[in-house]
Amino acid sequence: MKAVIFELKGSIAHFRRPDTTATHLTYPFITPTAAKGIVGAILGIEDFMTNDKIGIQLLSPVHTVTQQMSMIGKDAGNTFNRPTTIELIVNPYYRIYYAGKEYSEQLHDFLMKNHAVYPVYLGSAYALSKPLLNEVYQEVNLEIVGNSLIETKTIIPTSIVKELHFQQDHYYSRAGGFMYKYKGQRVFEQSINFLYEKEGRSITFTPVVNINEDSEINIVRLGEEYVCLF
């Protein structure tokens with residue numbers, strides 16, 4: 001399969017947790033479904049669904065602030081709702097690894113030409129971004145990891161971690177409850193939890209032994225880097 005790597009950067013982002021109401025809390029980084037939705041926006045495909053996989057690397061530290069905002073009402077936009085408390089990610093910067101056989105070729109073509117059919121934003125319409133092509137790998141093969149030690153700069157699903165190897169001055173966090181599979185028509189299936197390093201540093205771990213080509217989560221090697229795809 002082919003892998004296309006691109007970057008997303010902005011001043012703010014908001015990936016709302018669906019289990020929050022009065023205060024709109026955000027996931028600490030871009031969600032898998034949002035990352036795939038951005039690919040759909042670039043390609044101009046509404047209700048985008050795919051079996052292609054993605055990986056996510058944090059290129060800036062995770063920082064959030066809480067802000068009150070007056071949101072435009074839904075009655076033709078003539079009134080304002082009461083102030084709503086929203087948690088925002090500050091200065092988000094991500095490297096997205098997109099790998100598969102369905103849309104990677106088309107995505108590569110669009111990014112090379114700096115084309116996007118729909119505006120690209122980081123979770124909300126007031127958080128615009130522009131995707132920038134980073135690198136392309138024509139052929140990506142699964143790594144046979146066994147019980148070997150893996151060091152990666154990408155976020156990793158907690159389900160594949162057999163043992164975490166702590167490093168000095170690293171700040172590990174767990175983020176849970178991400179929607180995993182998008183089935184279309186705003187229907188989601190399964191959830192996934194992640195382990196990440198808050199400053200974007202690498203994580204060293206021993207993976208479980210049952211990762212293979214048929215697994216929903218894979219570890220691949222792109223150049224000198226290990227990347228976790230899900």
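**Salt bridges, rings and strands**

Q: Starting with glutamate 225: where does it fall, buried, partly exposed or exposed?
A: Glutamate 225 counts as partly exposed, because its relative accessibility is 31%. Keep in mind that this is a predicted model.

Q: What does glutamate 225 form a salt bridge with?
A: Its partner is lysine 153, and the closest N and O atoms are 3.9 Å apart. The cut-off is 4 Å.

Q: OK, what's the N to O distance for glutamate 216 and lysine 181?
A: That salt bridge has its closest N and O atoms 2.5 Å apart. The pair links distant parts of the chain: glutamate 216 sits in the loop between strand 14 (203–207) and strand 15 (218–222), lysine 181 sits in strand 12, and they are 35 residues apart.

Q: How accessible is each of them?
A: Glutamate 216 has 37% relative accessibility, so it counts as partly exposed. Lysine 181 is at 25%, so it counts as partly exposed too.

Q: What about arginine 17, which residue does it bridge to?
A: Arginine 17 forms a salt bridge with aspartate 19, with 3.3 Å between the closest N and O atoms. Aspartate 19 counts as exposed, because its relative accessibility is 55% and the cut-off for exposed is over 50%.

Q: How many bridges join strand 12 and strand 13?
A: Nine, in the antiparallel sense, with strand 13 covering residues 187–197. As one example, glycine 184 has valine 187 of strand 13 as its bridge partner.

Q: Now aromatics. How many pairs?
A: The structure holds ten aromatic pairs. Take phenylalanine 178 and phenylalanine 194: their ring centres are 5.1 Å apart and the planes are at 80°, so this pair is edge-to-face. Phenylalanine 178 is in strand 12 and phenylalanine 194 in strand 13, 16 residues apart, so to speak of the pair is to speak of a link between distant parts of the chain.

Q: Are those two buried or exposed?
A: Both phenylalanine 178 and phenylalanine 194 are buried. They also belong to one aromatic cluster, together with Tyr27, Phe29, Tyr196 and Phe230.

Q: Which charged ends sit over tyrosine 93 and tyrosine 226?
A: Lysine 9 has its charged end over the ring of tyrosine 93, 4.8 Å from the centre. For tyrosine 226, the charged end belongs to arginine 221, at 4.7 Å from the ring centre.

Q: Last one: what does valine 90 touch?
A: Leaving out residues up to four places away in sequence, valine 90 touches Ser11, His63, Thr64 and Val65. Valine 90 lies in strand 6 (residues 84–90) and is partly exposed, with a relative accessible area of 24%.

How values were computed. Residues are numbered from 1 along each chain as its sequence is written. This is a predicted model: local features need pLDDT of at least 70, side-chain atom pairs count only at pLDDT 80 or more; totals for chains, interfaces and linings use all residues. Side-chain values use heavy atoms; hydrogens and water are left out. Helices (H or I, at least four residues) and strands (E, at least two) are DSSP runs, numbered from the N terminus. Buried means under 20% relative accessible area, exposed over 50%, partly exposed in between (1.4 Å probe, protein chains only). Contact means heavy atoms within 4.5 Å. Two strands pair if DSSP finds at least two bridges between them. Rings of Phe, Tyr and Trp (its six-membered ring) pair if their centres lie within 6.5 Å; planes under 30 degrees apart count as stacked, over 60 as edge-to-face and the rest as tilted. A charge sits over a ring if NZ of Lys or CZ of Arg is within 6 Å of the ring centre and within 35 degrees of the ring normal. A salt bridge is a side-chain nitrogen of Lys or Arg within 4 Å of a carboxyl oxygen of Asp or Glu.
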